[in-house]
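These are my notebook entries on one protein model. I set down what I looked up and what I found.

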Amino acid sequence: MTTLPGTAAQATYGRTRPDGPQVTVLPNGLTVLVQEDDRFPLAALRLYAHTGSAFETPETAGISHQLEHMVFKSTQKRAQGMAAKDAEAAGGEINAATSFDYTVYVADMPAENWRLGLDIFKDMIFGARLDPAELNAERAVVLSEIDRGDDEPETRLFKTIQGMIWPGASYSWPVIGYRDTVAAFTGDALRAYVKEHYQPQSLLLVACGRVKAAEVVDEAGRLFGELRNDRAITPVAPFALARDRREPGISLEYGKWGKAYLSAAFPVDGVMSGKLAGIEVLAQLLGGDKTSKLHRKLKYEARLADDISVSALTLERGGALCIEATLDPAKLDAFWAALAAELAKLNALSFTGEQIERAKLNIEDGLFQAKETLGGLANKLGFFQFYGFGPEGEKNYLHALHGVDKTALGALLEEYVRPERLSLAVLAPEGENPAAAATPESLRAALLSPWPVKEALCGAATDKAGATTEIVELAPGRKLVLIPDDTLPYTSLSLFYAGGDGLLEKNRQGLAELTARTLTRGAAGLTLSQIEDFLSGRAAQLAVSSGRDIFTLETKFPARFSRDALGLIADILAKPAFAPKELERARQNQIAAIAAQEDQPLSLAFRNLFPALFPDSHYGYFRMGQPETLARFTAAEAAGFWARQSAMPFVMSACGQYDREEITAFAREVAGSGARERYAFVAPAWSTRRETSLTLPDRSQTHLLLIFPVSGSEGPDTPGLSLLKTALAGQSGILFRDLRDRDSLGYSVTALFWQAPKAGFLAFYIGAAPDKAGAAMDGFRDTVRNLRADLLPESDVSRAKNLLRGDYYRDRQSLRSRSMEAASLLIQGFPLDKEYRELLASQEIDASRLRELAVKYLNMESAYVLTIKP
């Protein structure tokens, strides 16, 4: 056994168990919530403004979102892009998001720089210059974002369905606005909007992490105390449910899609109605996970859908119970009829007591796990405080959750799940396919057919730290890593085998992934449904996946269920069933996932990226295979692949609370006598073809990837390449700053960095309007030319170093992230502290070394281009 001291990251993790949040209201009405928590050297800051798209008019739709974009431009104290640059230069990151009820500004900072985060909040909102030239440029970016959303079926569906749920109300228009409203915004209109809606009485500041409450309150008073309210705020009233609605609303749109996409929604009451817990339990029972009623019935048993889920959208003025599904076009009629039949027969007796308790356990588990990261904790506390639940919000919500029973669920079903109140939006492929025969009338008839006839259907209104990490040598080629962390009573277990696609011949692409998808679908006499019930009943998670060189099993569970969880994992590894029926279901799911990838421009790009770069290596395999190849694989072949895969070397890593003797005994049982094969990580051959172009019809954006081959993670250049990528990426990175902020060439612009042990690439990405694609590529070339010729400014280098350091800690907050990191590093033959040592090395790199790396690797003659065209 080898005993290692805690890494530098672990050594700084505190173990203080914080008291509850402290809430202070400043004299001007601004609310400050502080949760002291010293687990990490970080501070998570959130500033909520009680304004969003719900506070707009039809003429100003999208102004909240436009303002969120503009505050990142020039301010009274900072030039354009400097707000993000200052945060990143200090090792932090900032962002913002606009919703219906609020706009939230986000800063995740190193603990010593939390004051800078608050200063940036104040300056970017109340010091925004709203320069006309900058507004024109950012307006073009938002218009491009609107076009981009119309290319995505899920976004397009949501825009349709929200207008159907809340017709004429402010929740009915998209948060991003419309092209004509966005085009009309002026700087004066934005200033008037800030003056009216950013009253201090409408602001909530949340700070979580290694901070002192008194200091945060004092600093908030210093920065925001001068703000004054100049009007009374009238509490918003909830939207009335359409109880007198006589007919369901149905929208059917045909287009060049590969799949059929469906969204159905029932209006429900809002977040403050007192029914929140019951609505969320109902959503969980209907479609919250793989044990849910609709998933079991329509996806698993009937195999009518590729995917189906149910969620509760609960907002300040109203909400919706939303059903989302993706399916083969040929199954649209059958799926809709089956879904309508399932909805029609729902009542108080539709769920067992065990199912209800399981749903409540998983909702409670989600709340509890939000505390794992400081950002998650800040978001959770911010939610409860913003919506008026107060510091005791979580406690009171859990009390209500525990009280949900069959009677309560029956009342909710009677009140909300009624056919005349349903809104349905469908996107279906055009052309010669069965879905093209569907009409709004046929969908309406299928919906109403199974429902019992009631007077109400005719329109009658009704009221119804510093820990020690161990490496245990289990057997030849088998290791266990133990990372104790008692912050939360959970265990994260990562099992990484060498192998994956590297064990396949070229004509068997997709078999490793199919095996991964089938492995947990039955074992030791247990069916998939029994396994899913077992996991859900213990709030446990289990996932298996295959990669280019790795095959992984990951699980996370409450520590009190350790014996149960480990027993199940042992059975899955040793006695998988590989039942032909389950393999067929997994195959259909995999084929459906391929079709969904090929419907999304970015997913299509990344599906084809590695085959384009490495056509003669397993790195160039289509990881999910091709439908025609998948159709040939049998259960015996999957079992055969698993027999070989399970004989390969592995590293198991456990992070969290656990019984050391129990976890070690389990690992030794799995390790057996050791690995029976060896695995070598190889250097893939690069393609001789430099350009690949694909077409996705009826989309509005061109997606460009410019890829430069670089050394693998075994090489000495990784720290410098990571630093170079970080200098290029991010909101104040070179690519975003030049191609988006300065030149308005696209909405999404970034850099990507990938490495295997013996190969890697650095890539530039942009999504742009087709008429700007040429200019975007020219912008990439200019960036390369500048990086090779000139030294980066010290401010860019310092920003990248601090951002790398901040990301290092942010990315390692969760138990899962640390168990995965340890298993991944060791299975590739690297030491546990490799990434920390690379972080330290990156801090010593200067602009001259970055230019050397640019000259070495950023060569247009050796670059590859992948393009997705509309």
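**Entry 1: Salt bridges**

I looked up E394 and found that it forms a salt bridge with K371, the closest N and O atoms being 3.8 Å apart. A salt bridge is a side-chain nitrogen of Lys or Arg within 4 Å of a carboxyl oxygen of Asp or Glu. E394 lies in helix 15 (residues 393-402) and K371 in the loop between helix 13 (353-369) and helix 14 (374-386), so this pair ties together parts that are 23 residues apart in sequence. I note that helices (H or I, at least four residues) and strands (E, at least two) are DSSP runs, numbered from the N terminus.

The model is predicted: local features need pLDDT of at least 70, side-chain atom pairs count only at pLDDT 80 or more, and totals for chains, interfaces and linings use all residues. Residues are numbered from 1 along each chain as its sequence is written, and side-chain values use heavy atoms, with hydrogens and water left out.

Are the two partners buried or exposed, or in between? E394 is buried, with a relative accessible area of 15%, whereas K371 is partly exposed at 24%. Here buried means under 20% relative accessible area, exposed over 50%, and partly exposed in between (1.4 Å probe, protein chains only).

I then searched the whole structure, and the search finds 69 salt bridges. One of them joins E215 and R115, whose closest N and O atoms are 3.7 Å apart. E215 belongs to helix 9 (residues 213-224) and R115 to helix 4 (residues 114-126), so the pair ties together parts that are 100 residues apart in sequence. E215 is partly exposed at 35% relative accessibility, and R115 is partly exposed at 37%.

I also recorded the salt bridge of E584 with R303, where the closest N and O atoms are 3.6 Å apart. E584 counts as partly exposed at 23% relative accessibility, and R303 counts as partly exposed at 30%. Salt bridges that share partners join K85, R737, D738, R742, D743 and D796 into one network.

How many residues of strand 22 are buried? Eight of the nine residues in strand 22 (residues 702-710) are buried, so the strand is largely enclosed by the rest of the structure. Two strands pair if DSSP finds at least two bridges between them. Strand 22 runs antiparallel to strand 24 (residues 759-768), with nine bridges joining them; L704 has I766 of strand 24 as its bridge partner. Strand 22 also runs antiparallel to strand 25 (residues 864-869), with five bridges; here the bridge partner of H703 is I868.

I traced five strands that form an open sheet in the order 8-12-9-11-10, with mixed pairing. Its edge strands are strand 8 (249-255) and strand 10 (307-314), each of which pairs on one side only. Within the sheet, strand 9 (residues 260-268) and strand 11 (residues 319-327) pair in the antiparallel sense over nine bridges. A264 stands opposite I323 in strand 11.
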